[in-house]
Amino acid sequence: MKKAPVHKIIHHSLVDGPGNRTSIFLQGCNLRCAYCHNPETQKICKDISSPEIKWMTANEVFYEVEKDIPFIRGITLSGGESTLYPEFLQELFVLGQKAGLSCLIDTNGTIDLSLYPELMEVCDGAMLDVKAWDKEKFQRLTGEDNETVKKNLKFLADINKLEEIRIVCIPEEVDTEDILKGVKATIGDKIRNVNLRLIKFRNHGVIGRLKNTSSPSEEYMSSLKGKALEMGFRVIKN
Ligand code: SF4
């Protein structure tokens with residue numbers, strides 16, 4: 001069985017997908033977002049456990065999940081970037097689905113999910129971060145390219161496994177309306193069936209370039225929500 005570096009397991013989470021879920025946070029990320037509030041999960045580590053990180057098989061993680069089964073609807077794999085460990089995810093989701101749990105990934109979308117059909121077979125859906133639409137803006141924010149994010153957006157919508165679109169809103173940095181237009185142009189009417197979560201930026205825990213940037217106002221967030229609703233998005237409360 002493949003092992004993955006587990007940063008932490010939250011046994012009962014109400015913010016990582018629908019219902020009460022066990023959330024598993026894997027260590028390591030391929031982006032360096034200027035607003036990352038989990039910078040300690042970014043470093044990709046070698047196959048060595050430490051007090052903070054434990055390399056675990058899917059069976060070992062599922063042993064922890066099983067304790068929660070009477071109380072949870074499913075599991076969510078987050079990070080860092082969980083899709084850096086596709087074989088581990090697949091093995092864990094097979095166990096989760098056998099136990100009747102819904103199995104979701106929370107992803108930055110930079111790993112091409114169409115290359116992992118066996119994983120997508122057992123994955124019930126993805127919560128996809130769309131951090132910027134414009135290539136240069138994405139690069140400035142994360143250090144990388146967003147072509148694969150756009151490809152994953154379309155792929156997930158086509159196979160009906162786009163559970164949620166997430167946008168972190170920072171007026172100085174992120175053109176949220178541009179993202180909404182790009183998403184709509186890419187997946188069309190499917191925007192009506194996919195949850196859209198507009199996340200208000202908070203600088204708590206941020207050590208990157210935006211550490212001193214303030215949160216947007218409630219008025220700004222309401223106006224974005226209004227625009228998204230007008231465009232036909234199904235906006236859910238953060
Ligand atoms: S994708 Fe998420 S974990 Fe990775 S750097 Fe960006 S905010 Fe942090």
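Predicted model: local features only at pLDDT ≥ 70, side-chain atom pairs only at ≥ 80, totals over all residues.

**The ligand and its surroundings**

- The ligand sits in the largest pocket.
- If you look around the ligand, you will meet Cys29, Leu31, Cys33, Cys36, Gln42, Gly80, Asn108 and Lys131.
- Sorted by class, this shell holds 4 nonpolar, 3 polar and 1 charged residues.
- Gly80, one of the residues around the ligand, belongs to the loop between strand S4 (74-78) and helix H2 (86-98).
- Gly80 is also linked to Gly79 through a cis peptide bond, whose omega is about 15°.

**Strand S7 and its partners**

- S7 pairs with strand S6 (residues 125-129) in the parallel sense, and 4 bridges connect the two.
- To see where they meet, look at Ala126, whose bridge partner in S7 is Leu162.
- S7 also runs parallel to strand S8 (residues 195-200), and 6 bridges join them.
- Here you can pick out Ile165, which has Leu196 in S8 as its bridge partner.
- Together with helix H6 (residues 176-187), S7 and S8 form a β-α-β unit, and this unit is right-handed.

- Asn160 is found in the loop between helix H5 (147-158) and S7.
- The phi angle of Asn160 is near 55°, which is a positive value in a residue other than glycine.
- Is Asn160 buried or exposed? Its relative accessible area is 60%, and because the cut-off for exposed is over 50%, Asn160 counts as exposed.

**Lys3, in strand S1**

- Lys3 has its place in strand S1, which spans residues 3-13.
- With a relative accessible area of 42%, Lys3 falls between the cut-offs of 20% and 50%, so Lys3 is partly exposed.
- What separation do the C-alpha atoms of Lys3 and Ala58 have? They are separated by 7.0 Å, although the two residues are 55 residues apart along the chain.

Key:
Residues numbered from 1 in each chain as written. Heavy atoms only, no water. Near = heavy atom within 4 Å. 1 Å grid on protein atoms, 1.4 Å probe; cavity = no way out; pocket = protein on both sides within 12 Å on 5 of 7 lines; lining within 4 Å. Sits in = over half its atoms within 2 Å of the grid points. Nonpolar A, V, L, I, M, F, W, Y, C, P; charged D, E, K, R; others polar. Pairing = 2+ DSSP bridges. Right-handed = clockwise from strand over helix to strand, strands pointing away. Buried < 20%, exposed > 50% of the residue type's maximum accessible area, 1.4 Å probe, protein only.
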